[in-house]
Amino acid sequence: MNRDDIKLEKKIFKAVGKAIGDFDMIQDGDHIMVAVSGGKDSWVLLHVLNELQKKAPVNFELTALNIDQGYGNFRQDKIEDFLDSRNIKSIMKDFDIASIVEEKSQGSVPCSLCARLRRGALYGYAQKLKCNKIALGHHLDDFVETLLLNQFFIGKTASMSPKLNSDNGENTVIRPLVYAEENDIRIYAKNIEVPIVCCECPLACGENLHFDHKRRKIKNLLTELEKDIPHIKSSLIKSLSNIKPSHMLDRNLWTH
Ligand code: SF4
């Protein structure tokens with residue numbers, strides 16, 4: 001690794017360490033299921049947690065879980081082989097989300113149904129595997145984009161939660177990459193030579209990667225603004241932890 005690579009690695013580890021500390025994400029005795037899709041974000045998340053596990057002052061267990069969602073020729077074997085080569089405990093599952101989505105979505109954009117099914121499956125597997133935490137690979141850009149999407153299109157000031165009790169109350173979902181920027185993750189994933197495997201969903205892979213036009217718009221806008229305001233994303237993420245309730249119009253936040 002050259003000096004820039006080492007600097008980047010330190011930056012990512014520092015970001016994850018800060019997130020874990022700020023939101024008290026990991027406790028002694030935790031069994032964390034890392035949802036590994038085969039994409040860059042979840043690979044980097046798993047790699048960092050796996051390294052932290054070796055030197056953390058608390059003991060925690062990691063299990064990587066991958067779900068073959070039934071989209072095309074998904075190369076789950078590549079994911080499994082890589083995890084085996086790194087001696088990381090892993091579970092490979094098949095859950096045919098593609099067929100359910102095809103049957104039920106009837107031509108509409110199926111993503112919310114697909115995401116709901118996947119979330120339900122993750123909760124179920126975590127319970128079966130006795131994992132009390134589920135780690136997801138959403139990063140700083142996801143948080144910032146979601147904030148702006150909610151503000152621009154829904155009239156709501158909300159992003160994602162860095163730590164949240166699951167719908168069934170059995171697990172806690174954590175997002176340790178909340179402070180890590182997507183571009184850094186992209187480069188770091190290359191540096192650590194993880195096998196990027198596409199989910200094969202026709203809406204998400206290859207040229208359709210940014211089929212979500214609203215999110216694409218927000219991404220483009222942020223890229224454009226970043227030229228003049230280089231710190232715009234870090235400022236936006238900071239704004240989420242620096243709310244002035246009395247200066248918001250939501251009277252439920254007012255203390256008097
Ligand atoms: S792009 Fe495909 S895999 Fe992703 S949420 Fe939508 S339907 Fe599911």
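How do the residues of the lining of the second largest pocket divide into nonpolar, polar and charged? They divide into 6 nonpolar, 2 polar and 7 charged residues, where Ala, Val, Leu, Ile, Met, Phe, Trp, Tyr, Cys and Pro count as nonpolar, Asp, Glu, Lys and Arg as charged, and the others, Gly among them, as polar.

The model is predicted, and local features need pLDDT of at least 70, side-chain atom pairs count only at pLDDT 80 or more, and totals for chains, interfaces and linings use all residues. Residues are numbered from 1 along each chain as its sequence is written, and side-chain values use heavy atoms, with hydrogens and water left out.

The second largest pocket has a volume of about 290 Å³, a volume being the space filled by probe spheres set on grid points that are joined across faces, edges and corners. A pocket is an open set of points, on a 1 Å grid over the protein atoms alone, where a 1.4 Å probe fits and which has protein on both sides within 12 Å along at least five of seven lines; its lining residues have an atom within 4 Å of a point. Of the 15 lining residues, Ala15, Lys18, Leu140, Tyr179 and Ser234 are the closest to the centre of this pocket. Helices α1 (3–22) and α9 (232–239) each supply at least two residues of the lining, and the largest share, 6 residues, comes from α1; helices are DSSP runs (H or I, at least four residues) numbered from the N terminus.

Lys40 is found in helix α2, which covers residues 40–55, and Lys40 counts as buried because its relative accessibility is 18%; buried means under 20% relative accessible area, exposed over 50%, and partly exposed in between (1.4 Å probe, protein chains only). The side chain of Lys40 makes polar contacts with the side chains of Asp41, at 2.9 Å, and of Glu182, at 3.0 Å; such a contact is a pair of N or O atoms within 3.5 Å, one able to donate a hydrogen and the other to accept it, and residues adjacent in sequence count only if both atoms are side-chain atoms.

Cys199 counts as partly exposed at 26% relative accessibility, whereas Cys201, at 12%, counts as buried. The count of disulfides, pairs of cysteine sulfur atoms within 2.5 Å, comes to 0.
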